[in-house]
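Hi everyone, thanks for coming.

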Amino acid sequence: MKKNGADIFVASLLKEKVDTIFGFPGGAVLDIYDSIFECKIKHILVRHEQGAVHMADGYARATGKPGVVLVTSGPGATNAVTGLATAYMDSIPMVCFTGQVPTALIGNDAFQEADIVGITRPCTKHNYLVKDVKDLTKIIKEAFHIATTGRPGPVLIDLPKDILKAETEFIYPDEADISSYQPTYKGHRGQVKKAVDLILSSKKPVVYAGGGVLLSGAATELTKFSRKLGLPTTNTLMGLGGFPGTDPLFLGMLGMHGTYAANMAVTNTDCLIAIGSRFDDRVTGKIDEFAPYAKIIHIDIDPTSISKNVDVDIPIVGDVKHVLKEILAKLPDAKAIKTYKKQTAEWRDTVNEWAEKHKLGYREPKNGMLNPQYVIERLYEHTKGDAIIATEVGQNQMWAAQFFKYAKPRTFLSSGGLGTMGYGLPAAIGAQVAFPNKTVINIAGDGSIQMNIQEMATAVQYGLPVKIAILNNRFLGMVRQWQELFYDKRYSHTCMGAQPDFVKLAEAYGAVGYRAKTKEEVEEVITASLKIKDRPVIMDFTVNPMEGVYPMVPAGQPINKMLLV
Amino acid sequence: MRHTISILVTNEFGVLSRVSGLFSGRGFNIESLCVAETTDPGISCMTIVSIGEERVLEQITKQLHKLVNVIKVHEFTKEERIERELALIKVQVTAENRAELLSVVEIFKAKVVDVSPKSYTIEITGDHDKIMAVLELLRPFGIKELVRTGSVAMARSPKTK
Ligand SMILES: Cc1ncc(C[n+]2csc(CCOP(=O)(O)OP(=O)(O)O)c2C)c(N)n1
């Protein structure tokens with residue numbers, strides 16, 4: 001039977017087992033909106049297209065399934081760009097459908113026309129303009145395949161309005177057949193063998209694991225690997241949750257705001273095992289002095305990540321989960337492992353001494369105000385760590401990374417690569433849509449939360465009990481901290497002179513709002529908030545404005561040169 | 001360092017801007033670029049010449065591999081490639097220097113393809129160095145106009161049996 005493009009769109013998404021779309025309608029996609037009006041797929045109506053893309057992103061990070069977005073042409077599409085760039089930088093699987101003016105009008109500056117394929121070329125893994133309705137199923141199949149395989153990423157499909165009206169036979173392909181796209185999954189056997197030999201000959205090994213571990217679903221394999229060999233393990237911001245934050249081998253995060261132990265261990269290691277991480281400048285600090293004594297093993301599915309910033313001794317191109325399984329299979333017998341653990345025992349002691357010497361901490365302010373870090377510790381205690389945490393960007397993000405322990409994968413959602421303020425609230429909503437019964441908390445700054453605050457209405461509309469913990473310092477705190485340290489305390493335009501009353505704002509949206517200024521109030525507010533199951537709640541914590549994130553490695557310095565608390 | 005890269009891509013709209021975008025996105029200048037269909041009409045071959053640091057170029061080559069429409073990327077060393085460019089050069093000519101000009105044309109196995117009382121248009125093919133050498137010799141005559149193609153390159157066949 002023949003179907004029109006809009007119905008083919010819906011039928012194709014059903015074939016891809018899509019259960020949720022995040023979207024916002026407009027003229028160019030009216031036909032699709034008509035088709036999805038009565039279909040099984042849930043549609044979440046957002047308040048701004050950026051919100052839709054971050055929600056799909058949060059949904060994808062929390063579930064591992066690709067997020068799906070639907071927006072109209074022109075301004076709908078351009079509003080989605082920041083979300084796509086965010087997902088692209090963090091390799092998040094996503095398929096974004098944009099409306100487009102009819103084929104005959106493309107290039108004519110037609111009403112609500114934007115060359116979104118051109119605009120998003122550098123911030124999508126791939127994109128398509130559909131020029132014939134007969135290609136539609138093939139393109140959708142390919143898009144989901146490309147978004148979810150290899151190094152994942154967002155894929156965009158631009159749908160001209162006439163294509164949505166045109167009819168053709170609906171035949172959905174079983175497989176995407178793209179001869180020019182063949183990601184490598186299995187590691188090279190010889191390289192795997194070399195890596196195992198190098199590890200077994202090391203005395204001071206460290207595992208440095210990133211977001212690739214989560215993307216490939218390899219948390220179990222990583223945990224097994226590190227525990228079996230007794231390898232001290234550090235995570236990047238993107239990697240948090242990939243190794244249990246509660247494990248004695250866990251060093252905490254490394255890099256600019258990494259722990260003393262993690263940064264010292266990486267600086268002194270003789271064997272750095274980089275897994276699904278990409279030597280980002282926020283991780284390495286001054287690159288020439290990063291891991292200066294180490295032989296480096298680097299496992300990554302993306303060959304362009306290897307030897308991009310640092311020279312690697314043993315590169316292994318492949319899927320992290322596959323390669324870790326191959327490594328685990330090549331490990332020697334229990335006796336040899338015992339010997340190896342003896343050979344590295346002294347190193348583990350040294351690392352533990354570093355961890356003891358400078359624990360993560362903070363000073364209680366003399367003015368008696370709340371510490372933002374304290375609030376996060378209390379959130380951890382109250383939830384017993386059983387929560388999905390989304391963050392905004394800035395100090396709130398770093399404290400959330402440092403002071404909450406992530407025991408399980410896919411529980412920490414944060415814009416690492418692009419650092420997008422306004423990411424956290426919609427991402428939390430996306431995760432809550434996927435897991436209606438889980439506790440989902442957005443740890444926010446008072447600046448960032450205002451960048452997508454309109455999505456409060458979305459959360460209210462769908463009865464999503466997202467918890468928003470605003471660490472309210474009345475400053476663009478992270479920027480203020482840089483001004484304090486590196487610009488002679490000249491606080492140029494970082495004080496939020498006017499601010500809404502977040503409690504009243506929550507109420508205006510039909511949500512719940514609480515404020516806490518003392519430790520007692522923190523207990524009350526968190527306890528009350530966690531009980532709310534049918535609507536979002538804002539917890540406005542008035543915190544010490546002058547608090548900073550420490551340790552801190554000043555930009556351009558080696559990572560063992562830390563400013564400590 | 002001058003790099004000559006040959007890229008096989010699927011013959012579709014938008015592929016050229018994906019490829020050139022990788023260069024411009026990293027602030028790399030493309031010195032020349034040639035594209036045309038191969039024997040398979042579904043596949044095009046691009047030859048790109050670019051000047052830049054080894055490490056950055058290696059990164060671009062890897063990134064090119066990653067593009068969904070790219071089938072194969074190969075960077076040629078000078079020894080292993082045959083490389084040709086074509087140039088059309090319009091040169092001023094007078095009764096006095098005509099003979100001298102024609103001897104340059106002959107030495108380089110170039111061709112005169114258009115003649116007017118005051119100018120000759122010369123066609124020449126050759127590798128980059130040869131084109132540069134001809135231009136050097138023709139400059140004193142007065143070059144009125146010059147158009148050049150980019151390089152196209154192909155691997156030499158192995159010399160051993
Ligand atoms: C969209 C966007 N604009 C600007 C920045 C630069 N920036 C990084 S952190 C930050 C301050 C964030 O302030 P706030 O949300 O209040 O968080 P805090 O640091 O106080 O926790 C700014 C402006 C950014 N990351 N994203």
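Let me begin with pLDDT, which is the predictor's confidence in each residue, on a scale from 0 to 100. You'll want that because this is a predicted model. For chain B, the average pLDDT is 92, and 99% of the residues score at least 70. For the complex, the predictor reports a pTM of 0.95 and an ipTM of 0.86.

Now to the contact itself. On the chain A side, 19 residues take part, and chain B brings 15. Put together, the two chains bury about 1400 Å², with 49% of that on carbon and sulfur atoms. Which residues of chain B lose the most area to chain A? They are Arg18(B), Arg55(B) and Val68(B), and together they make up 45% of what that side buries.

Next, the polar side of the story. Between chain B and chain A there are 10 residue pairs in polar contact, counting pairs with both residues at pLDDT 80 or more. Three elements of chain B each give two or more residues to the side touching chain A: helix 1 (15-24), helix 2 (54-66) and strand 4 (70-76). Helix 2 of chain B supplies the largest share, 5 residues. Sorted by class, that side of chain B has 6 polar, 5 nonpolar and 4 charged residues.

And how many salt bridges cross between the chains? The rule finds 2 across this interface. One you can look up on the screen pairs Lys66(B) with Asp302(A), where the closest N and O atoms sit 2.7 Å apart.

That's my tour, and I'm happy to take questions.

Terms used:
Residues are numbered from 1 along each chain as its sequence is written. Chains are lettered from A and ligands numbered from 1 in the order in which they are written. This is a predicted model: local features need pLDDT of at least 70, side-chain atom pairs count only at pLDDT 80 or more; totals for chains, interfaces and linings use all residues. Side-chain values use heavy atoms; hydrogens and water are left out. Contact means heavy atoms within 4.5 Å. Buried area is the accessible area (1.4 Å probe) that two parts lose on being put together, summed over both. A salt bridge is a side-chain nitrogen of Lys or Arg within 4 Å of a carboxyl oxygen of Asp or Glu. A polar contact is a pair of N or O atoms within 3.5 Å; within protein, one must be able to donate a hydrogen and the other to accept it, and residues adjacent in sequence count only if both atoms are side-chain atoms. Helices (H or I, at least four residues) and strands (E, at least two) are DSSP runs, numbered from the N terminus. Ala, Val, Leu, Ile, Met, Phe, Trp, Tyr, Cys and Pro count as nonpolar, Asp, Glu, Lys and Arg as charged, and the others, Gly among them, as polar.
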